[in-house]
Amino acid sequence: MIHQKRRLSLLNQLDNNAIVIISSNSEQNRSGDVNYPFRVHSDFYYLTGLQEPKALAIFSRNNYTIFLRPKDKICEIWGEKRLGIDNASNFLKSDNAFSIDLLREKIPQLILNNQVYFDTTNYQIDNDIERLLLNHKLKSFLPTLHEMRLIKDKLEISTMQKAANISIKAHQLAMQTIKPDMFEFEVQSIFDGCFTKNNAQHAYTPIVAAGVNSCLLHYTENNKKLNKGDLILIDAGAEVDCYASDITRTFPVNGQFSSAQKQIYQIVLNAQIDAIDTIKPGIKINKPHKVATDTIKQGLISLGILQIGDSLSQFYMHSTGHWLGLDVHDVGQYKKNGHHKKFVAGMITTIEPGIYIRKNDKINPIYHNIGVRIEDIILVTTSGNTVLTKSLAKEINDIELLMSQ
């Protein structure tokens, strides 16, 4: 079982007498008696495979114990499915399973004189555990665990490819459906429907930003009208079995890029292609950003938008990529001992350069309110890289052709 292998791998990097305690997530109240849809804590899921609230795992080299909610006929009638104590050991391959109500009684018996590894969150269950561990010297296992999560196994890669494929379908459908006078929320509904149809969820709040909104990096109001002549920037990705995808495409509302839009778009596309081409094992992870910024800077200088010596930050103010996995901005450090790490096979990163030109009197107004970002998902392989989202159109001619169909 993959989760058992992960637990053992983690323990092998900790003290010989290590015992790890990790909790699930709590249900989060939305308002009144309505909760948000439950999402398990990524670290807990990675190590257990269980997607239930109010659960806790304690494991060492010799024992794996799970605490969870007991079966409850009334709760389950109302739709609150529970694995239950009797099913837990078989389903989760644990040595023991207890009701979460027995936590206070059982924890002292399980940890004894072992070195306890525990990282608290703001969840109530962790606050309770902290009080039980007041007399113990605690160590953190998260730095080790998060380095493990940085390298994806075959199952994780397959799941992320599935999430990417669903997202690609949604982006393609959006390109073929969009037309002037629609609203951004109508475009978002395309993704809502496509994700739901494929038993997926949004990995993050989608960005559907047309016209001037395309220059707002994390715009999520998604309620403005699409005007003929505008670009629309869509940053949206599906989540499948807790694994995220993350894709951005920018294209013209009316199906045809203007001359100015083409110029800016092509600079961003060139920067993205150049950045992706650098990715392979042994290359420092900050190289794609350096390459992308150099390409963008030279492109904007050639258009007279930027002068030699000017800072690029006015038009490009974010990093070129981030780790992707169980979280859309996934765990794992970018530096070690103050130095950027190098790419290793199994890492998955996004590459997403952009240019955002707001109104500026010193810039030719034909470029005003043009925001372009292009984002793909990149798997580092032993020989280089694979673009998991390569089937989604991003060349100007390919986008215009797809939108005309």
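How far apart are the end C-alpha atoms of helix 11 (residues 287–302)? They are 23 Å apart. At 1.5 Å a residue, the 16 residues should span 22 Å, which agrees. The expected span is 1.5 Å times one less than the number of residues. Helices (H or I, at least four residues) and strands (E, at least two) are DSSP runs, numbered from the N terminus.

The model is predicted: local features need pLDDT of at least 70, side-chain atom pairs count only at pLDDT 80 or more, and totals for chains, interfaces and linings use all residues. Residues are numbered from 1 along each chain as its sequence is written, and side-chain values use heavy atoms, without hydrogens and water.

In helix 11, the residues P288, A292, T293, T295, I296, G299 and L300 are buried. Buried means under 20% relative accessible area, exposed over 50%, and partly exposed in between (1.4 Å probe, protein chains only). An α-helix has 3.6 residues a turn, so residues three or four places apart point the same way. On the other side of helix 11, Q298 and S302 are exposed. The buried residues pack against helix 10 (259–277), strand 17 (348–351) and strand 18. Contact means heavy atoms within 4.5 Å. G304 follows helix 11 and has a positive phi, near 80 degrees.

Strand 1 (residues 18–23) is largely enclosed by the rest of the structure, because six of its six residues are buried. A18, V20 and I22 point one way, and I19, I21 and S23 the other. Four bridges join strand 1 to strand 7 (residues 115–118), and the two run parallel. Here I19 stands opposite V116. Four bridges also join strand 1 to strand 4 (residues 56–59), in antiparallel fashion. F59 in strand 4 is the bridge partner of V20. Two strands pair if DSSP finds at least two bridges between them.

An open sheet of three strands has the order 9-12-13, with antiparallel pairing. Strand 9 (201–202) and strand 13 (243–244) stand at the edges, each with a single partner strand, so one side of each is left without a neighbour in the sheet. Two bridges join strand 12 (residues 238–240) to strand 13. E239 has A244 of strand 13 as its bridge partner.
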